[in-house]
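Colleague: I'd like to go through this one with you and hear what stands behind each label. Can you put it up?

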Amino acid sequence: NGPSQRITFAMSEAEYARQQEAKRYLTENKIPELFTNITTALVYNRPDNPKAFIVDFLEKLKKLREDEDSYEAKNAFFEEHNLLSLFGLMDVTGQGFITTHQYTQAFRAVGVVDFNEHPPGHDLNKISKNTFLREAKNALQKAASTFT
């Protein structure tokens, strides 16, 4: 009974060590973030051919890694018209601003978790379109740069 229990325990330790190594590997290589961004982009864009979309997405990431200063690479994931559409979905009355809550929800909807939570206008609960665009571009560039 004793040796059998030790072997089982040793296997459990080995399995635990493999799991920890796998988690470390995934974290170091930012794989969870990559899958979150791919999934978010799929849901947001709803392409007819998701597999081709994923290939294109990964090619854009590769381009970003190769030339992170290029305009095209910096704007590979959400172009300004996408951000304007997102803003328009929230500003249904066309007032030119959204609430701080809407601003936060917009970032979460596109999978961005690291963004300026207190942009200009947050104290008045009015985030302008220009502020939203600037903050969105900054946050998206920061998110994309995690893969370089």
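Modeller: Let's begin with a term: a polar contact is a pair of N or O atoms within 3.5 Å; within protein, one must be able to donate a hydrogen and the other to accept it, and residues adjacent in sequence count only if both atoms are side-chain atoms. Also, this is a predicted model, where local features need pLDDT of at least 70, side-chain atom pairs count only at pLDDT 80 or more, and totals for chains, interfaces and linings use all residues. Residues are numbered from 1 along each chain as its sequence is written, and side-chain values use heavy atoms, with hydrogens and water left out.

Colleague: What makes the pair of Glu28 and Arg24 a polar contact?

Modeller: Their side chains come to 2.6 Å, against a cut-off of 3.5 Å. Glu28 itself lies in helix H1, residues 2-28; helices here are DSSP runs of H or I with at least four residues, strands are runs of E with at least two, and both are numbered from the N terminus.

Colleague: Why is Glu28 called exposed?

Modeller: Exposed means over 50% relative accessible area, buried under 20%, and partly exposed in between, with a 1.4 Å probe and protein chains only. Glu28 has 52%, so exposed is the word.

Colleague: And the overall layout, what is the pattern along the sequence?

Modeller: There are 7 helices and 2 strands, running α-α-α-α-α-β-α-β-α. Buried residues account for 28% of the 148 in the protein.

Colleague: How do you know that the buried residues of H5 are on the same side?

Modeller: H5 spans residues 80-90, and its buried residues are Asn82, Leu83, Leu86, Phe87 and Met90. They cover an arc of only 135 degrees around the axis, which puts them on the same side of H5; the arc is that of the directions from the helix axis to the C-beta atoms. An α-helix has 3.6 residues a turn, so residues three or four places apart point the same way.

Colleague: What makes a set of residues a nonpolar core?

Modeller: The members are buried Ala, Val, Leu, Ile, Met, Phe, Trp, Tyr and Cys residues joined through side-chain atoms within 4.5 Å. The largest one has 17 residues, and Ile98, Tyr103, Phe107, Val112 and Phe132 touch the most other members. H5, helix H6 (100-109) and helix H7 (129-145) each supply at least two residues of this core, with the largest share, 5 residues, coming from H7. A second, separate core has 6 residues, including Leu34, Ile38, Ala41 and Phe57.

Colleague: Why is the pair of Phe87 and Phe132 called tilted?

Modeller: Rings of Phe, Tyr and Trp (its six-membered ring) pair if their centres lie within 6.5 Å; planes under 30 degrees apart count as stacked, over 60 as edge-to-face and the rest as tilted. The search of the whole structure gives 6 aromatic pairs. For Phe87 and Phe132 the centres are 5.5 Å apart and the planes at 50 degrees, so the pair is tilted. Phe87 lies in H5 and Phe132 in H7, so the pair ties together parts that are 45 residues apart in sequence.

Colleague: How do you know whether those two are buried or exposed?

Modeller: Phe87 has a relative accessible area of 2% and Phe132 has 1%. Buried, then, for Phe87 and for Phe132.

Colleague: What about Phe107 and Phe132, what makes them a tilted pair?

Modeller: The values are 6.0 Å centre to centre and 45 degrees between the planes, hence tilted. Phe107 lies in H6 and Phe132 in H7, so this pair ties together parts that are 25 residues apart in sequence. Phe87, Tyr103, Phe107, Phe115 and Phe132 form one aromatic cluster.
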